[in-house]
Amino acid sequence: MTRVLSTLLSHYRRHPGQLMMLLLGLWVASALWSGIQAINATARDSYARADALFDTQLDQLERRDGTPLNRAEYHALRQAGLPVSPMLEGEVVTQDGTRLTLIGIDPLTLPSDNALAQANTSASLSNFLSPPWQTRVAPDALAALGVTRENASAATPTLSDDKTLPPLVLAPALPPGTLIMDIAAAARLLESNDEITRIVTARGQSLMRLPD
């Protein structure tokens, strides 16, 4: 072993350039490994938050003919005594071209233990539900909106179509690129008129009285 080490050292003394290249290669490999581990850790955290949010333990109601649902159908189901809740989903584009997922919810009708309704329980529910509303946003999305943590609570970012988001509220549990707001505010931004994306209810809820 000593002889092998001595031979290697004598070789690199005669060829210092090769030694420098070897050390440089080891340094680059170590840096790449560290970077990959950091990226993997960030990705695992993002996936965990996404799973926690979108594994919402909700059943979805759909029309048999596949046509879009609307508010009138939702209201009819509620008036019939069915424990359902509306959701509206779409995309908004920031000034720098980043696409963010916008989800409009009605926290009053969502199951109380649902992750969407609990994305930020510290925020005032009345402020979330009434104009100028609130936008729950993950810290990861702040940069895309041109906002820092320090001024997030006072910010009302403008989108690429010159529409303005409601005031921001940090919601650390949200996955990157996701915004949550009251369904009325989301409908205004998405120009959805009376259409809604889905009608949901708590998983396993007995809905034997659904209309044809």
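This is a predicted model: local features need pLDDT of at least 70, side-chain atom pairs count only at pLDDT 80 or more; totals for chains, interfaces and linings use all residues.
Residues are numbered from 1 along each chain as its sequence is written, and side-chain values use heavy atoms, with hydrogens and water left out. Helices (H or I, at least four residues) and strands (E, at least two) are DSSP runs, numbered from the N terminus.

**Strand pairing around E4**

- Strands E3 (85-93) and E4 (99-105) run antiparallel and are joined by seven bridges; two strands pair if DSSP finds at least two bridges between them.
- Within this pairing, Val92 stands opposite Leu100 in E4.
- E3 and E4 form a hairpin with five residues between them, and Gly97 in the turn has a positive phi of about 90°.
- E4 also pairs with E7 in the parallel sense, over five bridges, and Leu102 stands opposite Leu179 in E7.
- Five of the seven residues of E4 are buried, so this strand is largely enclosed by the rest of the structure.
- Here, buried means under 20% relative accessible area, exposed means over 50%, and partly exposed lies in between (1.4 Å probe, protein chains only).

**Nonpolar cores**

- A nonpolar core is a set of buried Ala, Val, Leu, Ile, Met, Phe, Trp, Tyr and Cys residues joined through side-chain atoms within 4.5 Å.
- The largest nonpolar core has 30 residues, and those with the most contacts inside it are Leu145, Leu165, Leu168, Leu179 and Ile199.
- Helix H3 (71-79), strands E3, E4 and E7 (178-182), and helix H5 (183-190) each supply at least two residues of this core.
- H5 gives the most to this core, with five residues.
- Another core, of eleven residues, lies apart from the largest one; among its members are Met87, Ile105, Ala138 and Ile180.
- Leu165 touches Thr135, Leu145, Thr156, Pro157, Leu159, Leu179, Met181 and Leu189, not counting residues up to four places away in sequence; contact means heavy atoms within 4.5 Å.

**Surroundings of Asn70**

- Asn70 belongs to strand E2 (residues 69-70) and is partly exposed, with a relative accessible area of 24%.
- The side chain of Asn70 reaches two backbone nitrogens, that of Ala72 at 3.1 Å and that of Glu73 at 2.9 Å.
- These are polar contacts: pairs of N or O atoms within 3.5 Å, where within protein one must be able to donate a hydrogen and the other to accept it, and residues adjacent in sequence count only if both atoms are side-chain atoms.
- Leaving aside neighbours within four places in sequence, Asn70 is in contact with Asp194, Glu195 and Ile196.
- The C-alpha atoms of Asn70 and Ser192 are separated by 9.7 Å, although these residues are 122 residues apart along the chain.

**Backbone features**

- Most residues other than glycine have a negative phi, and most peptide bonds are trans.
- Glu191, in the loop between H5 and strand E8 (195-196), has a positive phi of about 50° although it is not a glycine.
- Asn193 is also placed in the loop between H5 and E8, and has a positive phi of about 55° although it is not a glycine.
- Glu191 is exposed, with a relative accessible area of 55%, and Asn193 is exposed, with a value of 64%.
- The peptide bond from Pro131 to Pro132 is cis, with omega near 5°; Pro132 is found in the loop between helix H4 (125-129) and strand E5 (135-137).
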